[in-house]
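Thanks for coming. I will talk through one structure and its charged pairs, so please look at the screen.

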Amino acid sequence: REYVDIVRNRPAPASLGAPFRMRITSIDVAHHIAVAKLLTPVGPNEYTDYLSLQRIDGAWVIVHKLFSNEPNASG
């Protein structure tokens, strides 16, 4: 719950005039499930995100997120 509150209250990079820098590095799909790997720079850190998705009523929905971060080279 604390994580959701932090993300909900953090300004979107676009609202700050920052460029969109998230990169999708891989997607693996098997029928109605998928796993996506993303690299997301946020401030001085770069997050590696793994998203588990499921197709529900025709729409892809994130059902789980796992992430790790480390200082990025440019931060």
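**Salt bridges**

R23 and E46 meet through their side chains in a salt bridge, 3.9 Å from N to O; the term means a side-chain nitrogen of Lys or Arg within 4 Å of a carboxyl oxygen of Asp or Glu. This pair links distant parts of the chain, with R23 in strand β1 and E46 in strand β3, 23 residues apart. Strands here are DSSP runs (E, at least two residues), and helices are runs of H or I, at least four residues, numbered from the N terminus.

A word on sources. This is a predicted model, where local features need pLDDT of at least 70, side-chain atom pairs count only at pLDDT 80 or more, and totals for chains, interfaces and linings use all residues. Residues are numbered from 1 along each chain as its sequence is written, and side-chain values use heavy atoms, leaving out hydrogens and water.

The structure holds 3 salt bridges. Another one joins the side chains of D49 and K65, at 3.9 Å from N to O. D49 lies in strand β3 and K65 in strand β4, so the pair ties together parts 16 residues apart in sequence.

Is D49 buried or exposed? D49 is buried because its relative accessible area is 7%; buried means under 20%, exposed over 50%, and partly exposed in between (1.4 Å probe, protein chains only). K65, at 35%, is partly exposed.

R8 also forms a salt bridge with D5, their closest N and O atoms being 3.3 Å apart. These two are 3 residues apart in helix α1, so about one helical turn separates them. R8 is exposed at 54%, while D5 is partly exposed at 29%.
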